[in-house]
Amino acid sequence: MSRQGRTSYDPGPRDVAAGLTDLQGYLMAHAALQEAHTRAESFADTMPWLTTPQREEVIRLYAEDDMVRNRHAWRTIHRRARQLNDEYTARYEELRRRLQRRNVVGWLLITVAASALCTLAALYR
């Protein structure tokens, strides 16, 4: 099979994950824009006296305002998610360090106990 037209780039798992995340973000933003436009049209429909240019302006302004509010909400959610991630990561690291300390102490105690038992066994032979 000919390799013409192909690149030697082989995306790794992180590249694929980042690409999927970007695609998901794009699709969510596009869906939000469509929803904003639909809500704007419904709002404009409640005002049948508007001329066509006025109706289009109301739809544009309403959708714009809706997207501004969406962006603000997304940023707030993103900021909080990062905050929680940082808190959980710090907590996880602290728990992991404590567990490692306990494991070391446990192995030391087992080693000391085994040495003591071996010493006692050797003394009583």
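**Figure 1. Ala36, a buried residue of helix α1****.** Ala36 counts as buried because its relative accessibility is 0%; buried means under 20% relative accessible area, exposed over 50% and partly exposed in between, with a 1.4 Å probe and protein chains only. The model is predicted: local features need pLDDT of at least 70, side-chain atom pairs count only at pLDDT 80 or more, and totals for chains, interfaces and linings use all residues. Residues are numbered from 1 along each chain as its sequence is written, and side-chain values use heavy atoms, with hydrogens and water left out. Ala36 sits in helix α1. Helices (H or I, at least four residues) and strands (E, at least two) are DSSP runs, numbered from the N terminus. Neighbours within four places in sequence aside, Ala36 is in contact with Tyr62, Ala63, Asp66 and Met67. Contact means heavy atoms within 4.5 Å.

**Figure 2. The largest nonpolar core****.** Seven residues form this core: Ala32, Ala36, Ala40, Ala44, Ile59, Ala63 and Met67. The elements that give two or more residues to this core are α1 (13–45) and α2 (52–123). Helix α1 gives the most, with four residues. A nonpolar core is a set of buried Ala, Val, Leu, Ile, Met, Phe, Trp, Tyr and Cys residues joined through side-chain atoms within 4.5 Å. In soluble globular proteins, nonpolar side chains tend to be buried together. Ile59 touches His37, Ala40, Glu41 and Ala44, not counting residues up to four places away in sequence.

**Figure 3. Where α1 crosses α2****.** The two axes come within 8 Å and cross at roughly 140°. Axes are lines fitted to C-alpha atoms, for helices over the stretch in contact, and angles run from 0 to 180 degrees between N-to-C directions. The angle makes α1 oblique to α2. Angles under 35 degrees count as roughly parallel, over 145 as roughly antiparallel, 65 to 115 as roughly perpendicular and the rest as oblique. The crossing is right-handed: left-handed applies if the near helix is turned anticlockwise from the far one by less than a right angle, right-handed if clockwise. Residues of α1 in the contact include Met28, Leu33 and Phe43; among those of α2 are Arg55, Val58 and Trp74. The contact residues divide into 14 nonpolar, two polar and five charged. Ala, Val, Leu, Ile, Met, Phe, Trp, Tyr, Cys and Pro count as nonpolar, Asp, Glu, Lys and Arg as charged, and the others, Gly among them, as polar.

**Figure 4. Asp66 and Asn70 on helix α2****.** Asp66 counts as buried, at 5% relative accessibility. Asn70 is buried too, with a relative accessible area of 19%. Beyond neighbours within four places in sequence, Asp66 is in contact with Ala36 and Arg39. On the same terms, Asn70 is in contact with Ala32 and Arg39.

**Figure 5. Two partly exposed residues, Glu57 and Gly106****.** Glu57 belongs to helix α2. Its relative accessibility is 35%, so Glu57 counts as partly exposed. Glu57 and Ala44 lie 13 residues apart in sequence and 9.5 Å apart in space, C-alpha to C-alpha. Gly106 is also found in helix α2. At 26% relative accessibility, Gly106 counts as partly exposed. Gly106 and Pro13 are 93 residues apart in sequence, and 38 Å separates their C-alpha atoms.
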